[in-house]
Amino acid sequence: MKRAARWMGWVMFGALALLPLGCAKKQDSKPVASTGPRVGLVFDVGGRGDQSFNDSAWRGLQKAQAQLGADIANVVEPGEGSDRESALRGLAAKDLDLIFGVGFIFTDDIDRVAGDFPGKHFACIDYALKDGAAVPPNVLALKFKEEEGSFLVGALAAWLSKTHRLGFVGGMDIALIHKFAAGFQAGAKYADPNVNVIVKYAGVTGDAFKNPTKGKELALGMYSEGADIIFHASGATGQGVFEAAKDQKKLAIGVDSDQWRPEYDGVVLTSMIKNVDESVFQAVKAVKAGAWKGGVQELGLKENGVGYVYDAHNHRLIPAEIHDRLEALKARIISGEIKVPKE
Amino acid sequence: MIAPFLSQVLRISVPYLFAALGGTFSERGGTINIALEGILLTSAFAAAVTTYFTHDPWLGLAAAVLAGLLTALLHAVICVTFRADQIVSGIAINLLAAGLTKFLLKEIFGSSSNSPRVEGLPEWHLAGVGGIPVLGDILRSPLLLLAAIGVPVGHFLLYRTPFGLRLRACGEHPEAADALGVSVTRIRYTGILISGAVTALGGAWLALDQHSFTDGMSGGRGYIALAAMIVGKWSPLGAAGGCLLFGAAETLQIRLQGGAVPTQFIQMIPYLLTMVVLAGFIGRAAAPRMSGVPYRKEE
C-alpha cells in the first residue's frame, strides 16, 4: 500500500512536470511576419467567441492585419479582475505601437497604466468619462451613442409587437448599459405610447456579462409575462436570451455585432450594432499614418458608429413599410430633430 | 402565474439537486466534497465538447459522467489514499478545473471564454401529460425527470440498503465499520465516485440546457449545493428541499426585478437566505461525525 502510494506520487509529479512542456510548444507557433503597426489588445469579460462586443473588436484587428499588415499576435483574454491591469502592463512593456482595452471596465486600469507609460499609445473602447477628470493625453477614448441605435430597435420592436410588451435584458447594472435601456424604452414609447417595457439586469458585477444561464431564465420569465420581443445588451449572457427566444418561438434583438447565425434564423429580429471593429481599425490606421491622437471620440448614427441590421437574413421579419418608417426615424435623429435620452 | 414560477424554480434547481445529492453521498461516507464546483465545471465542459464533435447529446451526457468520475477519483485518491486535507484537495481541484477547462477551451475552440453552440438533449413529447403544468415540464426533460427520480432513489439507497448503512457507518464511526469487516477505503471511494457521477449530471444540464460551455459557468453552484446539503442535514430528501428553497429564492430574484426595489438589493436575496437559513433555522447541524477525518487503519 505504502509503496503504491509513493509510486502514484511520482506519477502525478511527473505528469505535472510535463504539463508546461505541452503548453510551451504551442505558444511560439503563431505567425509573426508583419510590416505594419504592432497592436496589443486585452479582451473584456465576455471574451472571444461571445458573438458580440469582443468578437467585433477582434474583427477590427483582423481587418487591420489584412489591410494594414498589422501585427496582432499580442492579444490577451484575462481571467479575473486583477488580471486586467497586469495584462495591460505586460503589453505596455512590450514594443507595441498601440494597446487596446476592450470595455468600460478598463477605464481605471488604462488610466493607471497610461500614466506609468507616458510614451505608449492606448485606446479604450467605451471609456467611462469621469466628472472633472480629463482623459490622459496618450489615451484615445472611443465612445458610442448606444442610445441612438437602441432607440431605433426599440421603435422597430414596438411596431412589430403583438402584445405591446417588450423586454430588455441588461448585463451589469451600470450607466453604460442604462444608455441602451433608456434608448430602447424611448424608441418603443415613441413608436407606441401604450407599450410596456420590462427592464432587468443579470447582475451587479462584471460576471453579469458572461452568465448565459441567468440570461435564459430572465428572458423566459419575460416571455411568460407576455413580452414577445426582447432586446439584450449583456455580452455572452445574451446567448441565453437567444436560447429562450428559440425555445419559446419568440423574437430577440442582438447587440454590438450582427448576432444572426444559422441556428438562430427567425429568432434574431435584428441587432443593434456598434461598429467597434471599424473604430478599432480606424485607430490602427491612424497609427500607421502617423496621425494618431488622444482624446474622446464619440460615434453615433451620423458617424455610422451605431446602427441596426437589415439584410437578407431578416428582411422577411421586417415588412418593407416598417423599414421605411425606421429609415425616416433614423434621418430625424441624425438631423437632430429627435433627441434621444441617455438615462 | 404560479405554474411558470414553479417550472422556473425546478429548472434553476436542477444543477443544485444533482450536486447536493452527490455531495450527500461523499460526506455521508466521511469525505467533505468541496470539489463539487470543479466537478460541475469539468463535466459541463466534457458534455459540450463531446456533443460538439459527435453531434450526439447522449454521448455528451456519458462523457460528462466520465469526466465527473475522473475528477472525483482524483479527490478520492488525494483524500482517502493519501489522507490529505479534504478542504485543501477540494479547493485545489476547483482551481484546477477552472484553469484546465479554460486552457482546453482555448486549445480546442480558439476562445478561452465560450464554446460554439451544441445540440441539447431532445425533449420528450408524451401524449396526454405535456399540457399539465409543472409535471409536464418534468416529464418533458430527461434530466429534470432524472433529478426527480434520483432524489428518492438516493434516499432509499442511503437509508434502506446494506450499502447505505455501510457508507453511513464509515462517516460516523469508521473504526466500528472496520471492525465489522467493512473496507472503509473501498466504501469511501464508492461514495466519492457516486458523488462525482451524480454531480456530473448537473454539469451536463448546465452545458446542454445552455447549448454551449462558458468559462466558469458553474458560477458557484457547487458551493450553493453544499449549503443546501447542510440545510437538509445531509439527507437526500432534506438536501432536495434546500435546493428548491434556493432555487425559489433565485427565481424570486429574477421575477422581482424591475420594480421599486433596487437591483443590487434583489441580487442579494439568495445569499441572504443562505445565511439566515444556515444561521437560524436548521437547528443543530448534524454532520456525519467523522466527516473530514481521514481513516487510518490500525496495523
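Student: In which sense, parallel or antiparallel, do strand β10 (residues 268-274) and strand β12 of chain A pair?
Tutor: This is a predicted model, in which local features need pLDDT of at least 70, side-chain atom pairs count only at pLDDT 80 or more, and totals for chains, interfaces and linings use all residues. Residues are numbered from 1 along each chain as its sequence is written, while chains are lettered from A and ligands numbered from 1 in the order in which they are written. Helices (H or I, at least four residues) and strands (E, at least two) are DSSP runs numbered from the N terminus, and two strands pair if DSSP finds at least two bridges between them. Between β10(A) and β12(A) there are three bridges, with A:Lys274 partnered by A:Val306 of β12(A), and the sense of the pairing is antiparallel.

Student: Which strands stand at the edges of the open sheet in chain A?
Tutor: The sheet has six strands with mixed pairing, in the order β7-β6-β8-β9-β10-β12. Each edge strand has a single partner, so one side of it is left without a neighbour in the sheet; these strands are β7 (196-203) and β12 (306-308) of chain A.

Student: At what angle does helix α6 (residues 175-191) of chain A run to β6(A)?
Tutor: Angles here run from 0 to 180 degrees between N-to-C directions, with axes fitted to C-alpha atoms, for helices over the stretch in contact. Helix α6(A) lies across β6 (165-172), β7 and β8 (229-233) of chain A, and its angle to β6(A) is about 170°.

Student: How are α5(A) and α10(A) oriented to each other?
Tutor: Helix α5 (residues 146-160) and helix α10 (residues 320-334) of chain A have axes 10 Å apart and pack at about 150°. Because angles over 145 degrees count as such, the two helices are roughly antiparallel.

Student: How many charged residues does the contact of α5(A) with α10(A) have?
Tutor: From α5(A) the contact draws on residues including A:Glu148, A:Phe151 and A:Trp159, and from α10(A) on residues including A:Leu326 and A:Lys330, where contact means C-beta atoms, placed from the backbone, within 7 Å. Asp, Glu, Lys and Arg count as charged. Besides 10 nonpolar residues and no polar ones, the number of charged residues is two.

Student: What is the packing angle of α10(B) and α11(B)?
Tutor: These helices, residues 221-231 and 236-256 of chain B, have axes 7 Å apart. They are described as oblique to each other, and the packing angle is about 125°.

Key. Parallel < 35°, antiparallel > 145°, perpendicular 65-115°, else oblique. Contact = placed C-beta atoms within 7 Å.
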